[in-house]
Amino acid sequence: MTAEVREIKFQLHGDERGQLIALEALSDLVPFEVKRIYYIFDTTPSTVRGKHAHKELRQVMICVSGACTIECEMPDGTKSEHRLDWPDKGLLVEGLVWRNMKDFSKGAVLLVLASEHYDESDYIRDYDTFLAMKMSQHDVKS
Ligand code: T46
């Protein structure tokens, strides 16, 4: 699984009644079968969640209410920050990406579509292990 982080803009179907967004699995915007959905809410502004990477998991994150920031570190060391502050913004995160979720606004709800069922063995929760794994991934490619 090649690591990837990509911002996604969903199509709005809006009219005078309000907005609607439809997401379909196995599409350009959600390029996997969705096997699990979870959501994070009732956070505090100072909370930092995540602090882990995944080996194989593919996910699309959407802040369906409020806002939060996703901080990512790629296997090549590239770091990026993505503010999800409107429901038409999504973030595709795949493979070995160290991620932190932070700066939650009051009432933020972060919805996540995931390609696999929950599996703790897919998590890398130790940063030094992530560094070692990213070094070996980088070495293989270079
Ligand atoms: C991720 C970020 C964006 C389950 O039992 N089932 C689940 O599907 C999930 C996601 C979690 N859990 C349990 C495991 C822990 O005991 O819920 C507890 C909290 O999980 P965690 O500390 O991993 O939560 P976050 O917010 O740090 O990370 C979550 C996802 O776990 C992770 O895959 O990419 O959101």
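Visitor: What should I know before I start?
Guide: Residues are numbered from 1 along each chain as its sequence is written, and side-chain values use heavy atoms, with hydrogens and water left out. Since this is a predicted model, local features need pLDDT of at least 70 and side-chain atom pairs count only at pLDDT 80 or more, while totals for chains, interfaces and linings use all residues.

Visitor: Okay, rings first. How many aromatic pairs does a search of the whole structure find?
Guide: A pair of aromatic rings is described by the distance of the centres and the angle of the planes. Rings of Phe, Tyr and Trp (its six-membered ring) pair if their centres lie within 6.5 Å; planes under 30 degrees apart count as stacked, over 60 as edge-to-face and the rest as tilted. Here the search of the whole structure turns up 5 such pairs. One of them joins Tyr39 and Phe41: the centres are 6.0 Å apart and the planes stand at 35°, so we call it tilted. Tyr118 and Tyr123 have centres 5.8 Å apart and planes at 65°, so that pair is edge-to-face. Trp98, Tyr127 and Phe130 go together in one aromatic cluster.

Visitor: Is Tyr39 buried or exposed? And Tyr123?
Guide: Buried means under 20% relative accessible area, exposed over 50%, and partly exposed in between (1.4 Å probe, protein chains only). Tyr39 has 53% relative accessibility, so it counts as exposed. Tyr123, at 16%, counts as buried.

Visitor: Now the cysteines. How many disulfides does the structure hold?
Guide: A disulfide is a pair of cysteine sulfur atoms within 2.5 Å. The structure has 0 of them. For Cys63, the nearest cysteine sulfur is that of Cys68, 4.0 Å away, and Cys63 is in no disulfide. Cys68 is in none either, its nearest cysteine sulfur being that of Cys63. Cys63 is buried at 0% relative accessible area, and Cys68 is buried at 0% too.

Visitor: In what order do the strands of the open sheet run?
Guide: Strands (E, at least two residues) are DSSP runs, numbered from the N terminus, and two strands pair if DSSP finds at least two bridges between them. Here 5 strands make an open, antiparallel sheet ordered E1-E7-E4-E9-E2. Strands E1 (4-9) and E2 (36-40) stand at the edges with a single partner strand each, so one side of each has no neighbour in the sheet.

Visitor: And where does Tyr39 stand?
Guide: Opposite Leu111 in E9. E2 and E9 (residues 109-114) pair in the antiparallel sense over 5 bridges.

Conventions: Helices (H or I, at least four residues) and strands (E, at least two) are DSSP runs, numbered from the N terminus.
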